[in-house]
Structures are given as C-alpha cells and as structure tokens.
Amino acid sequence: MPPAPALDIRGLTVRYGDAVAVDDLSLTIPRGQTVALLGPNGAGKSTTVNAVLGLLNPTAGEVEVLGRKPQDAVRAGSVGAMLQHGGLPTEARVGEVIDLVRRSFDRAGQTTAWPLEDLVATAGIDGLLGRPVDALSGGQRQRVLLALALVGAPPLLLLDEPTSAMDVEGRRAFWTTMRGLAARGHTVVFATHHLDEADAVADRVVVVAGGRVVADGTTAEVKAGVGGRTISFTAGPERRLDDVPAVTAVTRQGSTVTLATADADTTLRALLADGGLPDLEVRGATLEDAVISLIAARRQTSIGAPR
Ligand SMILES: Nc1ncnc2c1ncn2[C@@H]1O[C@H](COP(=O)(O)OP(=O)(O)OP(=O)(O)O)[C@@H](O)[C@H]1O
C-alpha cells in the first residue's frame, strides 16, 4: 500500500458562531511537496493550519496527518509548526529553551532530537544561544521558533507566515534552509503574503478565499489560469489610449504606459497601427496578478451567495 499522504483534509468546515472561517475545504498533499497557502487576510489559512495541528475541533470534516489523527501525529513528533503567535518562555536563554525541547524529544523515545550543531546551523541561530529570549529581534525570534519546529526532524513542517519579521537576507537564508529540507524529503506547507517567495519556493500553490480553495496547481498553472498579459511601452501624453481593444486597465507613470489586456494580439495590432511602441515589453501574469484576480472573482461570486 502506498504511504498515507502528508496531509489529507476532507470537507473541513470551521465556524465561529455565525461566521464561517473554513468552508468545506478539501486538500491532499503528498509527502515531499512544498506547498504555499495563499489568500487575503481572513481567508482561513491559519484556521486550516490550526485544524491540521489538532488545535481546534472542526465543525465538520476530517483531517488526517501522515495517516493519523492530528493530535496523534503531533504527539508522535511528526509535525513541526511555526505559528503566527508562537510563544517562547520569557526569562530564559535561547539555548535553555532549545535544550529543554530537545530533551523532551529524547525522553519520548519515539523521535531522536536533531543533532544540536546541525540544528543551530540549519535554523541560522548561531550566536543566539546565550541570548535571553526577551532580547531577540522579531526576525531572530522567528529563527528560534524555526529551530524549535525542527527539533524532532519532523517529516511535516507547517509554517504560518514564517518570514513576516525577517529582513531580506534572513528570508533568503530561511528559504535556502527550506529547500534543503524539501530535498531531504520533508513536506513543507507554509502560509504567506509574500507571493514572490511562494513563486520561488513552492512546488504547488493553493489559493484560499472565503474559506475555500479557489485555485490549486503549480505556480505556472495558476498564472496561466489568469490568461491576461501586461504590455508596457513609452509614450507621450498626446497618445490616446482610451479605446484600444481588449484593454482592461491603463496606468501611466511618467512616460511609461502599462496596459493590462485580455487579448495581447488584438491590443498589439491596434497599438502598432496607431504608431510606434518604443521600449515595448510584454509579460504574462505574475503570481500576484493571478492571486488578485482569483480573489476578486471569488468576491464577485460570493456577493449575495448564501454561506
Ligand atoms: N478564534 C476566533 N474566533 C472568531 N473568529 C475567528 C477566530 N479565529 C479566526 N476567526 C475568523 O476566521 C476567519 C479566518 O481567519 P484566519 O486567521 O484563518 O485567516 P488567515 O487566512 O490566516 O488570515 P491572515 O492572512 O490575516 O493571517 C477570519 O474572518 C477571522 O476573523
């Protein structure tokens, strides 16, 4: 029998009173994938992560983590998590906290703690072990939380906005670490608002809006789903752009004109018939364009729809 997927979510619904945070969401993630959960504030990403960790009781649906109930998988040390509001004990030094968690893994006997030296290097916390937890910057704190998530070398890592407080260098190092873990066979599932990171790192992106999955595929597939193109060129203020066919949006920044078009061939033919196009650039949708368009479409379909 093939091994159970890293994550199997079937019909997950989470309600808070009348509000639906997650709405009949289903998602299967095979082992070894790196998956980005994308979506606007309040889409239901953290709630889904919390359900996967067994931190809440779903209103309906089922969640299996590596073939087990979430609580059992967490107890067995199979899941490492970095949560948005992950806490660290105050009045302790980083090394003491890491030691405490490593010893608890060794005592549990089911999982051996990750060797300290490698853990410190992997999480990039060299030089922080003697620091009081209270004296860490936001980005340093996130790296310590990563180290704690990795202590048991868990096959599944769940990261909720893991780089939100990190500087550019810290982010780059973080994702290099994640790629290394993915190459070693770990499954990495992360929620983020940094679409460039998702584009660069994820094998697969899952876009959530209104508690539902609105797109699921490789970044190339999600971008292709939007279909439109962006055309930019240089033009003076005298150039008329108000009736160019297939154009859905026009912006001017200085002498640079940027047009969004639903049909690049038609738009380009009309523009060329009307004059030259110096500094012409045509590009496909970015992941950001695609996600914005998917969220807008979801908002339109949900207006007035019963929930
Ligand atoms: N404990 C709670 N009580 C009531 N409502 C909640 C609770 N937790 C989340 N919600 C609501 O559920 C919805 C989904 O929230 P969730 O935190 O899962 O979104 P998110 O996609 O993670 O957003 P963000 O990107 O802002 O972190 C939101 O409308 C939120 O206000």
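Let's start at Val222: setting aside neighbours within four places in sequence, Val222 is in contact with Val205, Val207, Ala215, Gly217, Leu287 and Ala290. Bear in mind that this is a predicted model. The chain's pLDDT averages 89, and 96% of the residues score at least 70. As for the overall scores, ipTM is 0.96 and pTM is 0.84.

**More on Val222**

- You'll find Val222 in helix 8, which covers residues 219-226.
- Val222 has 26 other C-beta atoms within 10 Å, so it counts as buried, the cut-off being 20 or more.

**The nonpolar cores**

- As background, nonpolar side chains in soluble globular proteins tend to be buried together.
- The largest nonpolar core here has 71 residues, and the ones with the most contacts inside it are Leu37, Ala147, Leu158, Val189 and Val207.
- Not counting residues up to four places away in sequence, Leu37 touches Lys45, Val189, Phe190, Ala191, Val206 and Val208.
- Another core lies apart from the largest one; it has six residues, including Ile231, Phe233, Leu259 and Leu268.

**Helix 9, one face in and one face out**

- Helix 9 spans residues 264-273, and Thr267, Leu268 and Leu271 are buried in it.
- Why do the buried residues line one face of the helix? Looking down the axis of helix 9, they fall within an arc of 95°, so they end up on one face.
- Those buried residues pack against strand 10 (229-234), strand 11 (247-253) and strand 12 (256-261).
- The face turned away from the buried side carries Asp265 and Ala273, both exposed.
- Just after helix 9 comes Gly275, with a positive phi of about 150°.

- For context, most residues other than glycine have a negative phi.
- Asp24 isn't a glycine, yet its phi is positive, at about 60°.
- Asp24 belongs to strand 2.
- Is Asp24 buried or partly exposed? Asp24 has 14 C-beta neighbours inside 10 Å, so it counts as partly exposed.
- Asp279 also isn't a glycine, and its phi is positive too, near 60°.
- Asp279 sits in the loop between helix 9 and strand 13 (281-284).
- With 11 other C-beta atoms within 10 Å, Asp279 is exposed, since the limit for that is 12 or fewer.

Terms used: Residues numbered from 1 in each chain as written. Predicted model: local features only at pLDDT ≥ 70, side-chain atom pairs only at ≥ 80, totals over all residues. Helix = DSSP H or I, 4+ residues; strand = E, 2+ residues; numbered from the N terminus. Arc of directions from axis to C-beta. Contact = placed C-beta atoms within 7 Å. Core = buried A, V, L, I, M, F, W, Y, C linked by C-beta atoms within 7 Å. pLDDT = per-residue confidence, 0-100.
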